[in-house]
Amino acid sequence: MPDNSASRHDWPTARQFIHQPTDSPLTQRHDASRLILFNKPYGVLSQFTPEGRWRGLKDFIAIPGVYVAGRLDADSEGLLLLANDGKLQAHIADPRFKMEKIYWVQVEGTPGEAALQALREGVALNDGPTRPARARLMDAPAALWQREPPVRVRQSIPTAWIELGIREGRNRQVRRMTAAVGFPTLRLVRAAIGNWSLDGLAPGSWRDHAIDQFKPSSTTR
């Protein structure tokens with residue numbers, strides 16, 4: 001059976017997503033680090049400037065002085081963090097701090113326990129083996145929004161959802177991991193980074209946090 005235990009906190013669930021704007025007038029303190037939680041839609045780059053067919057963040061976030069803390073591919077969706085504090089930005093993005101990122105991954109086919117265990121133990125990629133991860137099958141997130149454009153699926157092949165928690169961030173790592181165990185990724189949604197999650201954020205909306213006197217930890221967890 002899949003490992004359903006949670007050492008840091010319970011796995012995030014597909015709670016109701018509020019489909020209305022959540023950005024509000026800002027009351028930022030001058031001595032506070034600022035963190036923006038953005039639900040990045042499909043087709044949007046992790047940068048303010050658009051390129052080719054991909055849109056940029058400037059279509060959604062008109063805030064000066066904030067920068068992306070950890071990227072998310074244009075063809076992936078979900079939680080993207082932006083910060084105005086370089087130390088906070090590095091703490092979120094740098095794999096040395098081992099901040100867990102949780103993904104909801106729709107794959108082609110139905111992974112068995114052997115495939116899930118391989119993901120947990122680490123799989124061999126062309127740039128080296130991955131670190132141990134948390135992986136389990138999950139029900140399709142009931143409250144998850146419809147993607148635009150819709151995911152193309154083959155009617156003759158079933159699909160399944162995996163909940164995957166990793167503490168590193170290589171280029172297109174999740175997609176390469178599921179492919180390595182024989183189950184190509186069809187849709188990829190980042191649900192959480194550390195203690196920050198998508199809860200209450202509709203696609204294309206964001207909310208603002210003030211973090212008083214951010215001090216990065218001198219040790220990793």
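These are my notebook entries on a predicted model of a protein.

**Ground rules.** The model is predicted, so I took local features only at pLDDT of at least 70 and side-chain atom pairs only at pLDDT 80 or more, while totals for chains, interfaces and linings use all residues. Residues are numbered from 1 along each chain as its sequence is written, and side-chain values use heavy atoms, with hydrogens and water left out.

**Overall layout.** I looked up the secondary structure and got three helices and eleven strands. Helices here are DSSP runs of H or I with at least four residues, strands are runs of E with at least two, and both are numbered from the N terminus. From that end, the order reads β-β-β-α-β-α-β-β-β-β-α-β-β-β.

Next came burial: 48% of the 221 residues are buried. Buried means under 20% relative accessible area, exposed means over 50%, and partly exposed is in between (1.4 Å probe, protein chains only). The accessible surface is about 11500 Å², and carbon and sulfur atoms hold 50% of it; the areas come from the Shrake-Rupley method with a 1.4 Å probe.

I also checked contacts, meaning heavy atoms within 4.5 Å. Of those with a separation of 6 or more, 77% join residues 24 or more positions apart.

**Aromatic pairs.** I found two. Rings of Phe, Tyr and Trp (its six-membered ring) pair if their centres lie within 6.5 Å; planes under 30 degrees apart are stacked, over 60 edge-to-face, and the rest tilted. F38 and F60 have ring centres 5.5 Å apart and planes at 50 degrees, so I logged this pair as tilted. F38 is in strand 1 (residues 32-40) and F60 in the loop between strand 1 and strand 2 (67-68), 22 residues apart. F38 is buried, at 0% relative accessible area.

The other pair is Y42 with W54, edge-to-face at 6.1 Å centre to centre and 75 degrees between the planes. Both Y42 and W54 lie in the loop between strand 1 and strand 2, so the pair ties together parts twelve residues apart in sequence. Y42 is buried at 18%. The charged end of R147 also sits over the Y42 ring, 4.1 Å from its centre; the cut-offs for that are NZ of Lys or CZ of Arg within 6 Å of the ring centre and within 35 degrees of the ring normal.

**Cores.** A nonpolar core is a set of buried Ala, Val, Leu, Ile, Met, Phe, Trp, Tyr and Cys residues joined through side-chain atoms within 4.5 Å. The largest has 31 residues, and L82, V105, L119, L164 and M177 have the most contacts inside it. Strand 8 (159-166) is one of the elements that supply at least two residues, and strand 8 gives the most, with four. Domain 1 (31-99 + 196-215) and domain 2 (100-193) both contribute, so this core lies between them; the bounds come from an automatic or database domain assignment. Apart from it lies another core, of 19 residues, including A83 and W161.

**Helix 3 and its surroundings.** In helix 3, Q173, V174, R175, M177 and T178 are buried. Their cover includes strand 4, helix 2, strand 5 (124-125), strand 8 and strand 9 (185-193). G182 follows helix 3 with a positive phi, near 95 degrees. R172, in the loop between strand 8 and helix 3, has a positive phi near 50 degrees though not a glycine. R172 is partly exposed at 33%.

The peptide bond from E148 to P149 is cis, with omega near 0 degrees. P149 is in the loop between strand 7 (134-138) and strand 8.
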